[in-house]
Amino acid sequence: MRAFLIAALLFALPGVSFAQVPPAAPPAAGAPPKVSWTVPPPPEVDDPMLAPVPPPKRIVSSWAEAQQILRTRSTTLKAALDQVVQAEGQTMVAFAQYLPAFGGCAGGSSAPPGCANGAYTHQLLTRPAPENAVGTVQTNVVPIPNTLTGTLSLSQDILNVQEFDQIGINELMEDSSRLTVKDTRRTLDLALANEIVAVVTGERTAEINRVGLRVALEQFDISKRKEALGAATALDVVRAKQNAANARAALVNGDEALRQAREALGLALGIPEEVGVAREMNVNGLSEDALSACRAVSSVDQRPDIAAANRNLDVAKRNLRNTYYSFLPVITGQSTLSGTSAVNAGYPNPTWSIGAVLSVPIFDGGTRLGTIKSERAAEDIAAQNLEGLKRQALIQVEQAQRGISVAEVTYKVSLEQRDLAAQNDEMTQAAFVQGHGTSVDLVTASEAHRLAEQNLAVAEFGEVKARLAALLALATCPW
């Protein structure tokens, strides 16, 4: 509510006329006669700081548009999605360990099973072959100067419990990564909606600050005129000027808070610049818009971050069990096909063999025992993390539900405070017209009115934020 001019000027400035109001009925005995006066319009003030904050280059006009920008530019979301791809790759690696290995390696005779390799050998030191050399390739020198050898091997794990169990562990890690993506979206949606509300609140506060500065400048102008006419003292002028300076300080801080809110919205959207919100955007409907992309759950155990922590605990338990599996023997089947240009007489070329290898772990210096100890600690850490997250989630849900009623009460109280401050401001000016009160009362009432308007704007949008927090406190947001 805009304040009117300081009423003391009514007695000093021209243009103020007083007239008896003809009573509609005779006044009651002892009642003072009613007097009315016409109030001239407030003085025109002009100040560069009254100009609105310049709008940003980019404006978000709807929740759907903000969501689209968030999906395409959020680095946090992209990192969470990459973790899913990374987990899928690790599952493929674990599964490949249990599949047949055929070809694709090099290393000569020391190559591991499942490789194809070829070798060419040239002997630098040779001598003439003995005349009675039997069972060798016909050559004039020994050893054979040039030899070609090729080997093709196939390997397949027949019994390897540890590798087979690792596939299931990695699949659990995939589930955990997908749940993390859902929770990332939930938190990003909540943060985005809060940043939008913060920008709208900053816009409203900036407007209120400009109204407050205009009123303070009008009061300062009137005080100077009164001083020139002898109806006010220099102290009154200083107090009015101080009120205008305080209004300027509030305006500067409010404008900077608005710019920071716009920049925070830009960062939330993945845009390194200020981003504004269109005036036609329905901020009160943000909670419904945000929930349209999510799904409410019935308990904290179904919330994606808690579910992901549960999966991590399962992974820790399986890792411990998997370490015990390393004590079990491993049976591997192998088949090798090889050929060479240096063939002894009577030997087939190429040769093909098939066999099985039994590997029994006996002693590794304590590596597996140390791994068991480490995995036990990892399991306990995962359990403690899950318990801590559950406790935090329960408190968050309770606070979010309570926050709605707190926000509603805060808004009602702020509305009452604003109305009382406006009434006090108006009555203080009216009293000053009649010669009651001082300029201190006038300035104090004006500042209190301005502050009450700001608090009301914050409380109004605080209800929106409270509803958002309550709706998304128990929700999952799949993409």
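How many disulfides does a search of the whole structure find? The search finds one, and the legends below, which describe a predicted model, begin with that link.

**View 1. The disulfide between Cys 294 and Cys 477.** The two cysteines are joined with an S to S distance of 1.9 Å, and the link is right-handed, with 100° about the S-S bond. Cys 294 lies in the loop between helix H5 and strand S10 (295–296), whereas Cys 477 belongs to the segment after strand S13 (475–476), so the pair ties together parts of the chain that are 183 residues apart in sequence. Both Cys 294 and Cys 477 are buried.

**View 2. The largest nonpolar core.** This core has 29 residues, and those with the most contacts inside it are Trp 63, Leu 192, Ile 196, Leu 265, Leu 269 and Leu 286. Two or more residues each come from helices H1 (63–73), H2 (75–96), H3 (161–229), H4 (234–269), H5 (286–292) and H8 (439–473), and from strand S9 (275–277); the largest share, eight residues, is that of H3. As a general matter, nonpolar side chains in soluble globular proteins tend to be buried together.

**View 3. The largest pocket and its lining.** The volume of this pocket is about 530 Å³, and of the 24 residues that line the pocket, the closest to its centre are Glu 203, Arg 204, Glu 207, Val 277 and Arg 279. H3, H4, S9 and H8 are the elements that give two or more residues to the lining, with H3 giving the most, seven residues.

**View 4. Asn 117 in strand S5.** Asn 117 is placed in strand S5, which spans residues 116–122, and counts as buried because its relative accessibility, 16%, falls under the 20% cut-off. Thr 151 is 34 residues from Asn 117 in sequence, yet the C-alpha to C-alpha separation of the two is 5.4 Å.

**View 5. The cis peptide bond between Asn 349 and Pro 350.** The bond joining these residues is cis, with omega about 10°, although most peptide bonds are trans. Pro 350 lies in the loop between strand S11 (330–340) and strand S12 (351–359).

Conventions
Residues numbered from 1 in each chain as written. Predicted model: local features only at pLDDT ≥ 70, side-chain atom pairs only at ≥ 80, totals over all residues. Heavy atoms only, no water. Core = buried A, V, L, I, M, F, W, Y, C linked by side-chain atoms within 4.5 Å. Buried < 20%, exposed > 50% of the residue type's maximum accessible area, 1.4 Å probe, protein only. Helix = DSSP H or I, 4+ residues; strand = E, 2+ residues; numbered from the N terminus. 1 Å grid on protein atoms, 1.4 Å probe; cavity = no way out; pocket = protein on both sides within 12 Å on 5 of 7 lines; lining within 4 Å. Points joined across faces, edges and corners; volume = space filled by probe spheres on them. Disulfide = S-S within 2.5 Å.
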